[in-house]
Amino acid sequence: MPVYYENRKRYNTDTAEIVFRWDNDLTQSDFNYFGWELYRTPKGSFFQIDNRDRLIVLTPEEAYDLLELVAAGSDAIEKYFSDMIEEG
């Protein structure tokens, strides 16, 4: 049960929902491998954990920008951020 703490808040990967996973397409045994997972807590907060086990707490805007950058075709944008999107 990976649990992280920051600013008196608990971020638990077992109780949070995985929004998106990304990696650089290298094998995990490769020294240059890098990957991360974006999570959403039951209370709606977003956080990222990378393969070096680092926690990054994100605002909804930062999480949206991250997904727009790496997952433009993903359903995750519509699912989690539909209120931030308008027709062009």
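Thr-41 is buried, at a relative accessible area of 11%, where buried means under 20%, exposed over 50% and partly exposed in between (1.4 Å probe, protein chains only). Thr-41 sits in the loop that joins strand 4 (35-40) to strand 5 (46-50). Helices (H or I, at least four residues) and strands (E, at least two) are DSSP runs numbered from the N terminus. Beyond its neighbours within four places in sequence, Thr-41 has contacts with Tyr-11, Ala-16 and Phe-47, a contact being heavy atoms within 4.5 Å.

The model is predicted: local features need pLDDT of at least 70, side-chain atom pairs count only at pLDDT 80 or more, and totals for chains, interfaces and linings use all residues. Residues are numbered from 1 along each chain as its sequence is written, and side-chain values use heavy atoms, with hydrogens and water left out.

The protein chain has 2 helices and 6 strands, in the order β-β-β-β-β-β-α-α from the N terminus. Of its 88 residues, 34% are buried.

In helix 1 (residues 60-70), the buried residues are Ala-63, Tyr-64, Leu-66 and Leu-67. Viewed down the helix axis, these residues fall within an arc of 160 degrees, so they line one face of helix 1; the arc is that of the directions from the helix axis to the C-beta atoms. Their cover includes strand 3 (17-23), strand 4, strand 5, strand 6 (55-58) and helix 2 (75-81).

Val-70 also belongs to helix 1, but counts as partly exposed because its relative accessibility is 30%.
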